[in-house]
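Student: Could you take me through one part of this structure closely? I would like to look at a sheet and the helices around it.

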Amino acid sequence: MFDCIIVGAGPAGGTAAYHLAKRGRKVLVLEKESLPRYKPCGGGVSPIVQEWFDFDFTPAISLKANAVSYTWQMGDPVEVNLNTKEAVWMVRREVFDHFLIQQAQKQGAELQDGTEVTGIEFKSDRWQVKTANGTLEGQYLIAADGAKGPMAKWLGFKERQRQMAGALEAESPAPTPTQPTIHFDFGEVKNGYIWNFPKAGGYSIGIGTFRGGGNPDLKGIVAKYAEQFGVDFQTCKQYGHGLCLWDGNQKLHTQNALLAGEAACVVDPFTAEGIRPSMFTGLKVADAIDGALAGNINALEKYSQVIQEEWGSDMVWAKRLAGGFYSFPKVGYKVGVKQPSATLIMLKILSGELRYSEVVNRALKRLGGSFVPGMGGK
C-alpha cells in the first residue's frame with residue numbers, strides 16, 4: 001500500500017516522486033520502458049528549474065548553449081549571443097529523466113520500470129493499479145504518462161482541452177562544438193519550425209508543426225535542412241511523436257487522482273516547450289498530494305486552480321502570440337525574431353521573469369494594426 005503511485009517516469013513523474021519522497025511519503029513510480037530509455041525531444045531546458053531542487057543537475061546536462069542562430073527559409077541569418085547568468089541547458093532525455101528518478105530513489109521513492117499499467121480501478125478508499133506483474137495499491141494516483149498515455153482516459157478525462165501537434169526528430173553524431181549554438185529555421189514548415197539542438201557528441205535535429213495544416217513532406221524539408229550541418233537525415237533513425245499543447249484551462253483532478261505533465265496538456269502552444277512546464281506540474285502535484293495526505297480535502301481541486309492561475313492564464317497569451325506569428329511568419333521573423341531583444345525576452349519568459357501577457361501587449365502596441373487579426377489566435 002503506497003501513499004501515491006505515479007505512472008510515468010518523465011520530468012513530471014520524476015519531479016513529483018522526488019518532492020513527495022523527500023517529505024516522507026511512500027511513493028512508487030511505474031514506467032513501462034526500462035530506464036534509461038530514449039525519448040525523442042529537442043532537450044532544451046531553462047536553468048530556472050534548478051531552483052526547484054536541492055541537488056545539482058550538472059551530471060544530467062549534456063552541454064550548455066550560449067548562442068542562438070535563426071534563419072528564414074535557410075537564409076537571412078541572425079545570431080544572438082546569450083549574455084545571461086546561466087546558459088540554456090541541452091539535455092538528453094534518457095540521461096536527464098533517469099537522473100531525476102535516481103534522485104527520487106535516494107529520497108526513498110521506489111521504481112518499477114519495464115512495468116506497463118494495464119488497468120486501474122478505485123475500490124473503497126484506494127486505487128488498484130493493474131500490471132502484468134500483479135496489482136498494486138495506492139491511496140492517490142498521478143497520471144504522468146505523456147501525450148499518448150491511456151491514464152487520462154481511464155480516469156474519465158475523455159475529451160481534454162488540448163491542441164495536438166506533431167514532431168519528427170533524429171539524433172546524429174557530430175563533434176562537440178566549441179561554442180554550442182541552438183539553431184531555428186522558420187518559413188520552411190507551415191505553423192512550426194525546424195531546429196538543431198547541439199549535444200555533447202551530436203545533434204538533435206527535428207521539425208514540428210503546431211497548429212495543424214502543416215506541410216505534408218516533413219521528412220523532405222528537415223532532410224534538406226540537415227544537409228547544412230553535414231547530416232544525412234535519411235540514414236538517421238527517425239522518431240515521430242505527438243505533443244499535447246495547452247488549448248484552454250480544464251479540470252485536472254478527479255477521485256484521488258491528478259494529471260501532470262503532457263497528460264495535463266501543458267506544453268507551450270507558441271514554443272512547444274514541454275520539459276519545464278511538466279516539471280512545474282510535478283512540483284505542484286506533489287504539493288497537492290502531500291496536502292491531501294495531511295487531511296486537506298480541497299488539495300486536489302486547488303491543484304487544478306493553481307495550474308490554471310500560474311500557468312494557464314499566461315498560456316492564453318502564448319496561444320494568441322502563436323496565432324499571430326504562425327499566421328504571418330515572414331512579418332514575425334522580420335519585426336520580431338530579427339530584433340536583438342527578442343531572444344532575451346523569450347529567455348526571460350522561459351525563466352519566469354516575464355509573462356507572455358506583457359510581451360503580447362508590447363507587440364500589439366509596436367505593430368499597430370498589422371498583426372491584430374492574427375493575434376486573436378483564431
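Tutor: Start with a pair of strands. Nine bridges join strand β12 (residues 162-173) to β16, and the two run antiparallel. Pick out Ala165: its bridge partner in β16 is Leu243. Keep in mind that this is a predicted model.

Now widen the view. β12 and β16 belong to an open sheet of seven strands. Read across, the order is β6-β5-β13-β14-β15-β12-β16, and the pairing is mixed. The edges are β6 (75-81) and β16 (238-246), each of which pairs on one side only. From one strand to the next, the twist averages 20°.

Next come the helices. Helix α4 (residues 218-226) packs on the sheet. It touches β12, β13 (181-186), β14 (192-199), β15 (202-209) and β16. The direction of α4 makes about 145° with that of β15. Helix α6 lies across β13, β14 and β16, and runs at about 120° to β16.

α6 (residues 299-327) also has a helix partner, α5 (residues 275-293). Their axes come within 9 Å and cross at roughly 155°. Angles over 145 degrees count as roughly antiparallel, so α5 is roughly antiparallel to α6. The crossing is right-handed. On the α5 side, the contact residues include Phe280, Val285 and Ile289. On the α6 side, Leu300, Tyr303 and Trp311 are among them. By class, this contact has 12 nonpolar, two polar and three charged residues.

How values were computed. Residues numbered from 1 in each chain as written. Predicted model: local features only at pLDDT ≥ 70, side-chain atom pairs only at ≥ 80, totals over all residues. Heavy atoms only, no water. Axes fitted to C-alpha atoms, helices over the stretch in contact; angles between N-to-C directions. Helix = DSSP H or I, 4+ residues; strand = E, 2+ residues; numbered from the N terminus. Parallel < 35°, antiparallel > 145°, perpendicular 65-115°, else oblique. Left-handed = near helix turned anticlockwise from the far one by under 90°. Contact = heavy atoms within 4.5 Å. Nonpolar A, V, L, I, M, F, W, Y, C, P; charged D, E, K, R; others polar. Pairing = 2+ DSSP bridges.
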